[in-house]
Amino acid sequence: MTTATVSRWARRFVFTGALFLLGWALAALVGTPRRVEVVLVLFGFVLHTVFGKGYSLVPVYFDRELAVARAPLVQFPLSVGGTALLALDGLRASPAWAGAVGALCWSLGVLVFAGSLLWTVRGDLSGAATGTGSVNAHRQALDRVANAFVPVALVYLLLGSYGVLAVETGLPVLFDGGGARASHLLAAGTGALFVFAVGFRLLPRFFVASPPRFAPVLVFPAAAGGPLLIATYLPSGQWFRLGAVLEATAVVAFAIVLGVLSYRSERRRVGFCGVLAGAVCGCLGVGLGLQFALGGLQPGLGLAHARLNLVGFLGLTIVGVSYQFYPPAVGTFPGAGDRTALGAIACLLVGLVLGVTGLAFDAPGIELLGGVIALAGAVAHVWLLGGLFRERANR
């Protein structure tokens, strides 16, 4: 499979992720169960984007070519179908077999993804070979550190996916088999750790600035250890609290890094708005997580915590970085441009904030308004990516 073919499959995963984001916005607007929201935004949006960019970026970052050329082709229907069935299983009138079949399809897709990438980087799991060009030679040490945590994120992906499979099929469970534990492994262990690892490689280049030297020491060890402690000891106890502190440390430190990069950079790109907004949402999300760890879960705030982390931190960061990879201004279709991209980011952010406010203060009207605005942002994002990808395919 050529590099162009891998890039084409990467775009398919990314666009499918955007469609799942739209599905989340619709589901949140009509009030589907929390489990459905989590599946659509975490499994559908966040992890499908991780799959797409993982296939195209990880081999390059390890100075390799994708070893299993047909892996994206095999995985795509498994991951899409598995996500759809897992979301369907969260509805009241779902078929009895939907959860088990969905978890099996999802897990098989994850095995294809993780297996192909691990086989690609075999012999260099520490990431010593970075493919860093001479222009960025001063970033090589940071690139090596970031590479080293990609396999850790893949291990979390395997653990979390097995947790989902065990819950749905009756296999021996991990961490008491709780769905929330598997979600934390996938969200914090895979999603956030991928954002940190890829972010430390991409964002200094996007901003054309250097992060503080202390940043990797604060972010990566905490991000690698926090999810395991949270998943193991959820919902209480001193080790759970330590996990929450570690995860909060990683997210807040990463947010500080982004603030420093933005301050030092002379560039102003629309995608940066999404990345910075995601960092702010991440700080709010882990702040709620710390509150839960120290004072117990409060009614109504659990979903707010999930949305701030999944749609806010991970989601807005992904949207922002997407506009760096696929600049809206190069499109020639109606609505293409930075204004629409900024509108998509703003609507997702404002809609999220209003939705979380409505949940926190038990104000359904505010939550509904936030849902409508977030839906508009998701529609705009799908429109932009769809148009950009269609024009690329026609070239």
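## A pair of crossing helices

H8 and H9 cross in a left-handed way, meaning that the near helix is turned anticlockwise from the far one by less than a right angle. Helices here are DSSP runs of H or I with at least four residues, numbered from the N terminus. The axes of H8 (residues 215-233) and H9 (residues 238-264) come within 7 Å and cross at roughly 145 degrees; axes are lines fitted to C-alpha atoms over the stretch in contact, with angles running from 0 to 180 degrees between N-to-C directions.

This is a predicted model, where local features need pLDDT of at least 70, side-chain atom pairs count only at pLDDT 80 or more, and totals for chains, interfaces and linings use all residues. Residues are numbered from 1 along each chain as its sequence is written, and side-chain values use heavy atoms, leaving out hydrogens and water.

A cis peptide bond links Leu-234 to Pro-235, with omega at about 15 degrees. For background, most peptide bonds are trans.

## Nonpolar cores

What counts as a nonpolar core? It's a set of buried Ala, Val, Leu, Ile, Met, Phe, Trp, Tyr and Cys residues joined through side-chain atoms within 4.5 Å. Buried means under 20% relative accessible area, exposed over 50%, and partly exposed in between, using a 1.4 Å probe and protein chains only.

The largest core has 122 residues, and Trp-24, Leu-42, Phe-196, Phe-200, Leu-203 and Phe-254 touch the most other members. Leaving aside residues up to four places away in sequence, Leu-42 touches Leu-47, Ser-183, Leu-186, Ala-187 and Leu-310, where contact means heavy atoms within 4.5 Å. Another core, of five residues, lies apart from the largest one and includes Ile-230 and Leu-234.

## Two aspartates in loops

Asp-63 sits in the loop between H2 (34-61) and H3 (71-89). Its phi is near 60 degrees, a positive value in a residue other than glycine, and Asp-63 is exposed at 52% relative accessible area.

Asp-362 is in the loop between H12 (338-360) and H13. Asp-362 also isn't a glycine, yet has a positive phi of about 50 degrees; with 66% relative accessibility, it counts as exposed.

## Cysteines without partners

How many disulfides are there? The count is zero, taking a disulfide as a pair of cysteine sulfur atoms within 2.5 Å. For Cys-273, the nearest cysteine sulfur belongs to Cys-281, 13 Å away. The sulfur of Cys-281 is 9.3 Å from its closest cysteine sulfur, in Cys-283, so that's too far for a bond. Cys-273 is partly exposed at 36%, while Cys-281 is buried at 2%.
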